[in-house]
Amino acid sequence: MKINQSFKIKALALTASLLCASLSVPSAHAQLSTATIRGVVSAAGKSLPAGLEVVAVNAATGAAARTKTRADGDYILVGLAPGTYRIRVVGNGIDQQVDEVVVQVGESTDLNIALANVPGAEAKSLEKVVITGSATRGDVKSSSVGTSVTTRQIEALPQSSRNFLAFADLAPGVRFETDAASGQSSLKGGAQSQDNVNVFIDGVSQKNYILRGGISGMDSTRGNPFPQSAVQEYKVVSQNYKAEFDQVSSTAITAVTKSGTNEFHGDVFVDRTGTSFTARTPFQKKAEEEEGVKRPKTTSTQYGFSMGGAVKEDVLHYFLAYEGKKIDSPRTVTARNLNQFSDLGAGVIPDIVALQGGAVSSFKEDLLLAKIDATISSEHKLTFTGRLRNESDLIPEDVNISSAENVKDRINDERRLEVKHEWRTDNWLNEARIGFEDYKWNPHSRSSDPMIKYVVSPSNNQNNIQDVLFTGGSPDAQNRRQRAFLFQNDFSLNLIPNHAIKMGFKFKAAKFDMSGTSRSVDVLNTLVNNTTGEATVFRTDAAILPASVSLKDNQYGIYVQDDWRVNKNLELNLGVRWDYEDNMLNNDYVTPADRVAIFGAQDPRAGAAPGQTYAQSLAKGGININNFISDGNSRKSYTGAIQPRVGFSYDINGDAQSVIFSGFGRAYDRTIANTMLDEAQKNASAGGEIWMVRNNGKMPFTDQFALGLRQKVATWNTEVGATYSHAKNQFIWYGGNRDVNGGTAGASPIDPLWGSVPGFGTLVLGDFVGETKTKTVYLKADKPFTKASGWAASITYTYSQGETTNKEWTNDVFNWTYGRSTAGWNPSKDVEKHRIVAAGLVDGFLPWGLLLSGKVTLGSGLPRRLTDCTNGFTQCVSTEGKGSSFRQFDVAVGKEIKVGYGKFVVRADILNLFNTVNYGGRDDWIGGPGNPQNAYGGDNKNLNTPNGMAGPMRTFKMSLAYRW
């Protein structure tokens, strides 16, 4: 590993700072997978002695955490697993218990305790301990912006699948979307890419390195990333996370899994839905009524169980969760354009006709989590967690004209093992984790036969061809794998009053083995004579050998976080972290010699001056190609990922009722390893495209700022705030070619100059130059569930302005026309201006004991990028059009029936109750040569014609479960 002098200086400086901090200031609470209770123990008229013991006992497991008060009565309990706790104060003749307190993941709860009837104190007639502070309000003094999602919400709120992330959009600026056609889900924050999110489960990052989507297994799947029945609760942090969060620069989610308790509990369930439970889309109605094409019938079944209990009460507990998912999507293989053949019995046509009929695109997923918690002593605890995920998904090349064998099997497998050791005393807590992950993505053909594309032409030539049917093997073949070993340690001390400081480090040794090809089999383009039926192969696209990349990447991270309570009103959140990766960009890569040679040679294109090289032509257009040519020593690892994260909260009256908060932070992320495969794969083809990554690459980051007010109004917790985030160094691919004068040869402003020098394909450059901005103003109101009220509600309104430097107005990794001119800022097609997400549930007082829940999502619509070519295709410009608004109202109704030792639960979920049509896309072309009409009139008849769906039509899902 090559380490330059700058790196050494920065590393030594930051390490020295952390060592000084560790010697002078104590560490405290872990926020990623645990919670904290802190406060002051007091008694009216009496100063209490230091050293009173404050004990928190988990009501479910019996696990105890303890600490001692200081001279001013201050205490702090750190590293608490989310749950219900009984708090007890003991010592100096005092033994008093507090009412049960509930803490949630990632929260720091104020719990000030006023003891009653303490000897020597003023006389009191109190029957119990008095609690003040934020015990019923959660994390009101945090400088972060986010939302907690409880166990009750996860289990009760309606959704089409069992993806626990479906409720993350209750947080400001967060979008969770499921594609209506493919069933694939994505999670995004503001105008940033889905690659910039991260999910932490039990404190461990689930980052995806080999695919998009941010989370391992989230991209290119109809499945779920994790068994929902194993998730206890989670917190969505959309802005200003603390220093322990790494490899994330937009939305961070920290979730905690369930554990076994002293009581034996479990459930068995099955869910079912499908097309027979789903209303038809307008497109399906039109196809059936006008073309006689009925939609294929699809069924989706989810099933599983969970159970947990004690092997030995208060000592050894276990938890097991399994969830399976099976989707059968029958499709009808129907050859197109058969009416162009004069004799269906001639030549190969009968063989084509015989390939028609039914086929099934099936999906199968198995998710398993096993967990053991062992309390070895009052000081030591061990947790073992194992996870398994298996997926197989049959995907046709074309859903309508691919024969039954013309499919690829998309394998999506994951294995994870984690061991956590907690060592706790009255004065310190150490949390050490080791882990192993193995994630594999492997779409491949089930047939090695050549793919045959049957086509027909009215004139029986290679021009104006139309597809008839596809058969044979699927050409796509990819085999990508990420494996990693993790060591992570967090150390906490509890010695100095009013400081809650956490410090830690992480080492992850990751290995990537990636290979693939877009054409694993020969593709035979076959013209079928429309008279004789004779088949003729007019072009063979030969199979391409797979290119491969194998690299090791060591990742390091260190941080310190101090939550300093200056006084009863003011709290400061002060943190800094530093991350480093020694081989994120495949530093040993060497640009192939055939690619390098063309840049130093005479530019062979017309108009180039004698002696003018291709590199000099590019330089005229502002491209220094030497920045992209790698000789195995050119690429350097980025060492500047130092991330300050600071914030404050000010409790106006000192009673946690009105709290002003603000925060600023920088957060670095990473570039996915698949970028390296793209480069190697494209350059492996002789005379093919030229893909090159900039040598001195930087890690993407986001600067974030938030300001807000939290206010308690009766039983509601309300919040109003404003946020700003500016993401930089985002990786993009763009068209790098320029003509001999450094221009683009008259290409449209919205199109790159395709190609390069003769004999090679397009020049594509990868650089860290993308940017996005997101501004939001939001309002939140949350009414927590209580048994007394029997209901809960949450509502979030967000006004957003999203901008991007991408000329496609997206957060995609492709920005083909970057560098052609000063692009400025464009509206982001991923951010609605107005968005309301509300959820609620009622349980306990409805007739017949019914449980009712609902979720409402209202959006003003995503911006549309209209391409205006009324002045000709070389003068096309982009203009903004109004997108379709979005409205969806989901509801679930359930009934519990006591049977034996448990209860049956019958439930119906109805998605899009009012069957609202939410269109997802429209024709975005305006005018063209010979059609000089204005943007919204004339011959542009299809401008506002919908061509896709943004959400489901009315869908029923029936569920049956038995719980005990």
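Of the 30 residues in the largest nonpolar core of this predicted model, Phe164, Leu165, Leu187, Tyr234 and Ile253 are those that touch the most other members, a nonpolar core being a set of buried Ala, Val, Leu, Ile, Met, Phe, Trp, Tyr and Cys residues joined through side-chain atoms within 4.5 Å. At least two residues of this core come from each of strand 11 (174-178), strand 13 (198-201), strand 15 (231-239), strand 16 (252-257), strand 19 (316-333) and strand 40 (834-843), and strand 15 gives the most, with three residues. Helices (H or I, at least four residues) and strands (E, at least two) are DSSP runs, numbered from the N terminus. Leaving aside neighbours within four places in sequence, Phe164 is in contact (heavy atoms within 4.5 Å) with Val199, Phe226, Gln228, Val231, Tyr234 and Ala255. A second, separate core of 29 residues includes Leu211, Trp691, Met699 and Phe701.

Residues are numbered from 1 along each chain as its sequence is written. In this predicted model local features need pLDDT of at least 70 and side-chain atom pairs count only at pLDDT 80 or more, whereas totals for chains, interfaces and linings use all residues, and side-chain values use heavy atoms, with hydrogens and water left out.

Helix 5 (residues 593-600) has Arg595, Ile598 and Phe599 as its buried residues, where buried means under 20% relative accessible area, exposed over 50% and partly exposed in between (1.4 Å probe, protein chains only). These three lie on the same side of helix 5 because they cover an arc of only 100 degrees around the axis, the arc being that of the directions from the helix axis to the C-beta atoms. Ala593 and Gly600, on the other side of helix 5, are exposed. The partners against which the buried residues of helix 5 pack are helix 6 (614-620), helix 7 (674-683), strand 34 (690-693) and strand 37 (763-783).

Cys869 and Cys876 form a disulfide, with their sulfur atoms 2.0 Å apart, and the count comes to one disulfide under the rule of a pair of cysteine sulfur atoms within 2.5 Å. This link is right-handed, with 115 degrees about the S-S bond, and both Cys869 and Cys876 are buried.
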